[in-house]
Amino acid sequence: MTTKIRCGWCEKDDLYRDYHDNEWGKPVYDDPTLFEFLILETFQAGLSWYTVLSKRENFKKAFDNFNVEVIAKYNEEKIESLCLDAGIIRNRLKIKSAVSNAQAFIKIQKEFGSFSKYIWAFVDGKPIDNNPKSLSDVPAKTPISDTLSKDLKKRGFKFVGSTVMYAHMQATGMVNDHIEDCFTRK
């Protein structure tokens with residue numbers, strides 16, 4: 001029986017292993033999934049990804065299956081109900097930013113034809129393979145994530161610092177940071 005070698009960060013439990021094996025680092029080009037990851041990453045700011053991942057289904061329910069058009073129209077009453085939802089991260093600023101980020105996301109879709117076209121242009125449309133030998137070789141941010149973060153902020157996005165955006169780039173496969181021995185590389 002051969003044991004699969006994975007990136008060390010995901011060995012906490014089956015939830016993390018499944019996310020690593022089936023989602024993390026796989027290129028995502030569809031706007032609904034990119035929006036879902038953007039919302040989840042912004043809620044991660046200052047917290048662990050595991051905290052967000054373990055509440056992902058609750059977020060999906062609370063945020064209308066991450067429907068950008070619906071979230072963009074949330075009113076104060078909806079924001080208040082989300083602040084009371086124990087199944088998600090109840091940070092009022094992050095919840096309000098989900099609404100303004102949805103509005104800004106739609107503006108980008110209109111300007112570029114899709115959010116995917118916009119964001120993938122930062123890596124010339126194809127994943128950057130960093131080929132790290134170990135986790136210590138994986139950066140927390142890069143000049144590209146710095147540029148992306150600044151551009152998103154200029155367009156009205158919130159909670160999109162460079163570290164958050166680099167995590168988004170990793171999650172959506174814009175960069176491949178699976179360590180060189182990880183079975184998902186093969």
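1. Axes here are lines fitted to C-alpha atoms, for helices over the stretch in contact, and angles run from 0 to 180 degrees between N-to-C directions. Helices are DSSP runs (H or I, at least four residues), numbered from the N terminus. The model is predicted: local features need pLDDT of at least 70, side-chain atom pairs count only at pLDDT 80 or more, and totals for chains, interfaces and linings use all residues. Residues are numbered from 1 along each chain as its sequence is written, and side-chain values use heavy atoms, with hydrogens and water left out.

2. Helix α2 (residues 31-44) and helix α10 (residues 162-171) have axes that come within 9 Å and cross at roughly 140 degrees. The two are therefore oblique to each other (under 35 degrees is roughly parallel, over 145 roughly antiparallel, 65 to 115 roughly perpendicular, the rest oblique).

3. In the contact (heavy atoms within 4.5 Å), α2 supplies L34, F37, L38, E41, T42 and Q44, which meet V164, M165, A167, H168 and A171 of α10. These residues divide into seven nonpolar, three polar and one charged (Ala, Val, Leu, Ile, Met, Phe, Trp, Tyr, Cys and Pro are nonpolar; Asp, Glu, Lys and Arg charged; the others, Gly among them, polar).

4. The largest pocket holds about 420 Å³ of space. A pocket is an open set of points on a 1 Å grid over the protein atoms alone, where a 1.4 Å probe fits, with protein on both sides within 12 Å along at least five of seven lines; lining residues have an atom within 4 Å of a point. Grid points are joined across faces, edges and corners, and the volume is the space filled by probe spheres set on them.

5. Of the 21 lining residues, W24, Q44, W49, A167 and Q170 are the closest to the centre of the largest pocket. Two or more residues come from each of α1 (14-22), α2 and α10, and α10 gives the most, with six. The lining divides into 15 nonpolar, four polar and two charged residues.
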